[in-house]
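Subject: The structure, and some notes on it

Hi,

Here is the structure I promised to send over. Have a look at it first, and then read on for my notes.

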Amino acid sequence: MKNEELQERLYRIFDEQAPDEFQEILSKTKEKERNHFMEKKTNNWGWLWKFATAFLFLMVLGGGFYTYQRNYMVDSVIDIDVNPSIELKVNKKDKIVKCTALNEDAKEIIEDMDFKGVDIDIALNAIIGSMVTKGYLDDLSNSILISVDNNDEKRAEELRQKLVTKIDSLLSNDKIEGSVLSQTISEKSKEAKDLAEQYHISIGKAELILDVVKNNPLLKIEDLVDLSINEINVLTQGKENSLTTVEKTGNASTKAYIGEEKAKEIALNHANVKNPSKLEVEFDTENGVILYEVEFEDNTYEYDYEINALTGDIITSYKEKEDDHQTTTPNTNNSNYISSEKAKEIALNHAGVKNPSNLEVELDREDNEYSVDFKYNGYEYDYEINATTGKIIKSEKEKDDDYQSSKSSSSNYISSEKAKSIALNHAGVKNPSNLEVELDKEDNEYSVEFKYNGYEYDYEINATTGKIIKSEKERD
Amino acid sequence: MSPSTLSDSSLEQLLLNIKQEDSFHELYLLLKAPIYGYSLTILKNREDALDNVQDVFITLYNQIDTYDQKNKPMNWIFTITKNKAISKLRKQKPTIDIEEYRETPIKFAKEEDRVLFNILMEQLSEEERTIILLHLLWGFKHREIADILNSKVSTILSKYHRAIKKLKEMEANR
């Protein structure tokens, strides 16, 4: 019996034993509310009177409606995105009218800070400070996005410049070489609004993603929405005109990744190629994971590798005979084939698998077939797909004999060493004591705990992506 | 669908709209199983456990203003469930023991469910049962369970795996 099945059965058992008593509960709450109302009723007018007095007092104190408007009317809306996303509404005097946490991470950043009436500079200082302390901005992840929304273009641009300068100086005070992406939004596009709503992201991040996708057609919106600003920034790095409406200072940090040289080495070793030609490496992303895409050729084949940028694991390897390119009609040949991406998609859809491991796609031009092999959840899959029509010629699924042994070293997980080093790097600690690293496969998390210099550190790290989910530091 | 399949934000949405009857009802249908399961583990008596389910939902409804959005919704709901159950436990007659489970005849949709239920309630320790229910019914991660039970993740993980193994083996041998 699998755990999912057990979970379903337990839920059913307890659900059936607890009959639906909703109506009874509802009438009890209504009864309570009625009693509560009777108690309060006599005070109702008193409350209204208090409110009216307070409002009048405020008007007199502030010198009338004009002052009220200057203090409480929202002039610009500023989105700050790192991974935490925060929205600040400011008045004409750049004082905060409202601060909203747009995601869970942002709640952690804002905590119980109350910014109402506070100058934007002071609020930024506190917010950036909290992001640095809590590990959202550091040497490994140094990018931040600022979006200023104001109908007055000139005012939006002034505010944008002021904020970028302020953030740059705040980051350098913390000894972080930051990369600040910034934009003004005078007219929100409907597309960005829809995107923001659909994926629960800020309008600013939605506009950034639309700009990136417009200039980099190979990247897909749904692959970008879950990425942090640093990860999106990494993907656009080194490409000309990869951003048009977004301004940028500095460069995205790639220190968390294995590096292009290492990625090349891994791919060449796997392919057993010593002297490749046309070797190219660039960043790419799939399923929320940042990859190095490594392409090269030798005398016989063209190779295409996708390598997990954090762990160095090979996610996909693709190899294609080059012979036919040298024939006289390569173009007509080429255009008749479905892409290797498409072949992969056909096989995965058929198998109902989303994140396979050990995926290999090979095009056999002589037989006009793609062969797609991969492993998933203890099974090996083997597909043959017609390279012109995309029709599945053969599909096989059999138990993977190596599964148990390979599971512990499965290419889907980062190693416990890696998890440890991510936590230690983040904490800036070299020789901790009482270090414990645990892999929780069901929750797909490493828990890393250690002590250093009178503090206890506690990290939760995504076991596939290496992303820090939670970091805590408290007095031992 | 169990709460573990629902994201924190969708659950929070339901919770924040609890004053609307539709949301309240949806929340109730979704959560009565985990709340009942945990209450039964603590109170060891079906009637008291069902009473506790009612009390918990009335409290959620009346005290929604005190819910702090910095916390995860399930943590808040669990704290209320646990506190209510413990205060009920104090008022219980001291004679109640594990046999109470059997006193009220319970209908099961499938005979195999009865077997599983009896093993869970009678053969596993209260701690093992709590860990299994918190993970599988409440959707808490092992790390969160470690926080709730004031223990270490490694301890919870090994106890959880041992308990699941025991449960499966016992069921297979019946």
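In which sense do β15(A) and β16(A) pair, and over how many bridges? The pairing is antiparallel and runs over six bridges, with β16 covering residues 445-452 of chain A. Before going further, please keep in mind that this is a predicted model.

**The strands of chain A**

Within that pairing, Glu436(A) sits across from Glu449(A) of β16(A). The two strands make a hairpin with four residues between them. One residue of the turn, Asn444(A), has a positive phi of about 55 degrees.

β16(A) also pairs with β17(A), residues 455-462, again in the antiparallel sense, this time over eight bridges. If you want a spot to look at, Glu445(A) has Asn462(A) of β17(A) as its bridge partner. The hairpin of β16(A) and β17(A) has two residues between the strands, and here Asn453(A) takes a positive phi near 50 degrees.

**Where the two chains meet**

Next, the interface. On the chain A side 28 residues are in contact with 32 residues of chain B. Three elements of chain A each supply at least two residues to that side: α1 (3-17), α2 (22-41) and β15 (433-440). The largest share belongs to α1(A), with twelve residues. Sorted by class, the chain A side holds 13 charged, ten nonpolar and five polar residues.

From α1(A), the contact is made by Arg9(A), Arg12(A) and Ile13(A), and from α6(B) by Asp113(B), Leu116(B) and Phe117(B). These residues divide into three charged and three nonpolar, with no polar ones.

**A residue in chain B**

Last, a look at Ala146(B), which is in helix α8, residues 142-148 of chain B. Is Ala146(B) buried or partly exposed? Being buried takes 20 or more other C-beta atoms within 10 Å; Ala146(B) has 19, and is therefore partly exposed. Leaving out neighbours within four places in sequence, Ala146(B) is in contact with Ser151(B), Lys152(B), Val153(B) and Ile156(B). Leu157(B) is eleven residues away from Ala146(B) in sequence, and their C-alpha atoms are 8.9 Å apart.

Terms used
Residues numbered from 1 in each chain as written. Chains lettered and ligands numbered in written order. Predicted model: local features only at pLDDT ≥ 70, side-chain atom pairs only at ≥ 80, totals over all residues. Contact = placed C-beta atoms within 7 Å. Nonpolar A, V, L, I, M, F, W, Y, C, P; charged D, E, K, R; others polar. Pairing = 2+ DSSP bridges. Buried ≥ 20, exposed ≤ 12 C-beta atoms within 10 Å, placed from the backbone.
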